[in-house]
Amino acid sequence: MDKEQPLIRISVRNLVEFVLRSGDIDNRAAGVDRDAMLLGGKIHRKLQRKMGAGYQAEVPLKHEVTCQGFTLSVEGRADGVIQQKEGVVIDEIKGIFRDINHLEEPVEVHLAQAKCYGYIYAYDHGLMEIGIQMTYCNLETEEIKRFQSVYTFETMKAWFFDVLGRYEKWARYQLEWKKKRDGSIKQVVFPFAYREGQKELASSVYRTLLRKKKLFIQAPTGVGKTISTVFPAVKAVGEGLGEKIFYLTAKTITRTVAWQAFETLREQCLRMKVIVLTAKDKICFCEETNCNPDACPYAKGHYDRVNDAVYELITTSDELNREILEEQAKKWRVCPHEMSLDVSEWADAIICDYNYVFDPNAHLRRFFGEGNKGEYLFLIDEAHNLVERGRKMYSAEIYKEDFLKIKKLVKLRDERLTERLKDCNSQLLALKRDCEGYQVLNSVSHVYLKLMSLMTELERFLEECREEEIRKEVLELYFTVRRFLNIHDGLDENYLIYSELEDTGRFKVCLFCVNPANCLKEYLDKGNSTVFFSATLLPIHYYRQLLSTTKEDYAIYAQSPFEPKNRLLLLGMDVSTKYTRRSRQMYRRYARYLLQVAYAKAGNYMAFFPSYQFMEEVYEEFLELLKEEGKEAQEIEYVMQSRHMSEEAREIFLENFGEAHPNSFLGFCVMGGIFSEGIDLAQDKLIGAVIVGTGLPQVCRERELLKSYFDGLGYRGFDYAYLYPGMNKVLQSAGRVIRTDEDRGVILLLDERFSDGRYQETFPREWKEYGRCTVDHAAGQMKEFWESFAVGQPTGRTE
């Protein structure tokens, strides 16, 4: 091998799955990716232990081929190498749920993996021929079926180099593009004058990426955290510290901001391919998202055409925006969503939702599947959202009633499936009888075993069923059970198992992930480095404990660049949202506060409430007050967030804040909802926020379990379960007000509990100075604040 030549690496699995795929997209195949389930790993290890002394397990193999201008390294790990008198056999093991007797031949890509290992092993050991064995094992019965064949070395060589030859142009493109990209990165400089503290922030990000560590950043609004993380990450890629940037976020609007940051750098001639991944239902060309060749023309023959579509796109355009992706998909008649996932493999930066990386049921398998690893740099925006999202992704639940429903549906159609459903229902019925409200369980392994038996029959039924409506119902249960089995296989001390009889009468068993840090680690470890950042990452120890397992993580607090005098922070001491204090009189007092805010200065305000019900109660009192107060009050305009707003309705709601209003305009919103984070209403679009209550989540089963769990670990359980999540909503809502240097605004925190030291521990540093008020004196304090900005000063806020 020429040591001077660049090296391009690809795994055996990725090679064969990429080059040899063909045919249709068909979501009617129930067992998609079943061999990659966690359960498959158990079967591998069990079978390998049974094979005796002549069986060598998990054999690493690598073969390097010199191409023109680079060396291509194909790497992988054979499940087994068997030494026999007759010769050597490569063993490839696949765990499946379907009845193995229905398998008449190996799946093509499975056999191709084994053949790659066979060629490499034969080459390394000078063998003239080699045996290939495909071992399929049913995950429930552990019944085995094997397919065996023998190939000459010359036959294997010709086949291997044909596969490699079809990949060579992609490898060459990858190398040539990297040169262009890295050359352009060297020319890029920070696109703005650094704000106070911004250069230190960007430097901290770069140092973290250099040292392959994790960094937690509490960065108040206005610091410019997006460009301050994107820029050093781009520079790190240019220095060889990473190959691909994953910018992860929970909100669509934040993905747009991230895209704009990359576009700003591209204005300096940065050559970087950036893609935003869009949800399937949003980018689908069909009226109904039904991914099978009978329902969708773009699904039919998709895999026959998609590689050509992708290659043409990446070799002719640096732009990968949604319009271009859709145009290319229509041209080649392929699924736009699936094509965009393939394009992401050749992108330098991927902007997407958390689930594309962390969700075991939705992650990008090409990057984060079993055995995959890369030089990834993770930038995790709005990281405060990842705690609850992580808990949801790594928890699973099953309902007794779902099994009974499907049992009734298939009773006259499939006796075997009916019996398995009956077994599961009986297990859950026994647990239900022991449950009074709820019960924490030590184990549900007996349920797990019955579910394993059920999976075989579910998969068989789904392959045979031709009644589409019934098939949809059964498929839903299939995925629910599969998720439960997967999560059960990873249970550890970070989980609680409980059963609950809900108020509706439905009975469930839940595998509840109380601390998602260990599960997140599995995916973060597939990359080089991670930066968590948010405007509300307080208290930092809470997020470090629930998002990371390492003690060596860095943490920094970016100072707010805005003048404290531009903001008035008031704590209303004569109101409370506690359930014991709620009354019409209290709702009216809150309504009076809103009126005082509107009177103090004409402008746009948002009021954030702990729930729709509380908001509606105050809203009714507010309308009564307007009638009672007379003409001045009746000139105040208002709008209320509804429970189920369409995207169009949201836009109309926000457009109100961009329009000129002769008098005050007040938006009634729910804390933690769509308008409490991610929206940017700078300058006169919003001059005040009224935060009603501490945002504490409602008392429920899982919150109480969290409280008990963290109490048991010696932490303040109430804070972990209620206070910290609640105050995060408060901080997010308050963060809507001051967005730029020119902004002036008021923030009212209306609940007596805000004066409690435990709540104030979560206040950001810039909230060091605040005032206290009552409903009778709030207007005077606000008027004094607004009058401090004399006419003629460039405040953007004078009347």
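First, the ground rules. The model is predicted, so local features need pLDDT of at least 70 and side-chain atom pairs count only at pLDDT 80 or more, while totals for chains, interfaces and linings use all residues. Residues are numbered from 1 along each chain as its sequence is written, and side-chain values use heavy atoms, with hydrogens and water left out.

Start with the sheet. Four strands make an open sheet, in the order S12-S15-S14-S13. The pairing is antiparallel. A strand here is a DSSP run of E with at least two residues, a helix is a run of H or I with at least four, and both are numbered from the N terminus. Two strands pair if DSSP finds at least two bridges between them. Which strands stand at the edges? S12 (396-399) and S13 (438-441) do; each has a single partner strand, so one side of each is left without a neighbour in the sheet. The twist averages 15° from one strand to the next.

Now look at S12. Four bridges join S12 to S15, residues 507-513. Glu397 has Cys510 in S15 as its bridge partner. Helix H18, residues 468-489, lies across S12, S14 and S15. H18 runs at about 135° to S12. Such angles run from 0 to 180 degrees between N-to-C directions, with axes fitted to C-alpha atoms, for helices over the stretch in contact, and contact means heavy atoms within 4.5 Å.

Next, strand S18, residues 567-572. Is S18 mostly covered or uncovered? Covered: six of its six residues are buried. Buried means under 20% relative accessible area, exposed over 50%, partly exposed in between, with a 1.4 Å probe and protein chains only. Arg567, Leu569 and Leu571 point one way; Leu568, Leu570 and Gly572 point the other. S18 runs parallel to S23, joined by six bridges. Arg567 stands opposite Gly745 in S23. S18 also pairs with S24 in the parallel sense, over three bridges.

Last, the cavities. A cavity is a set of points on a 1 Å grid over the protein atoms alone, where a 1.4 Å probe fits but cannot get out; lining residues have an atom within 4 Å of a point. Volume is the space filled by probe spheres set on the points, which are joined across faces, edges and corners. The largest cavity holds about 310 Å³. Its lining has 21 residues, with Trp767 among those nearest the centre. Cys284 and Cys291 are among the closest to its centre.

Technical notes: On a 1 Å grid over the protein atoms alone, a cavity is a set of points where a 1.4 Å probe fits but cannot get out, and a pocket is an open set with protein on both sides within 12 Å along at least five of seven lines; lining residues have an atom within 4 Å of a point.
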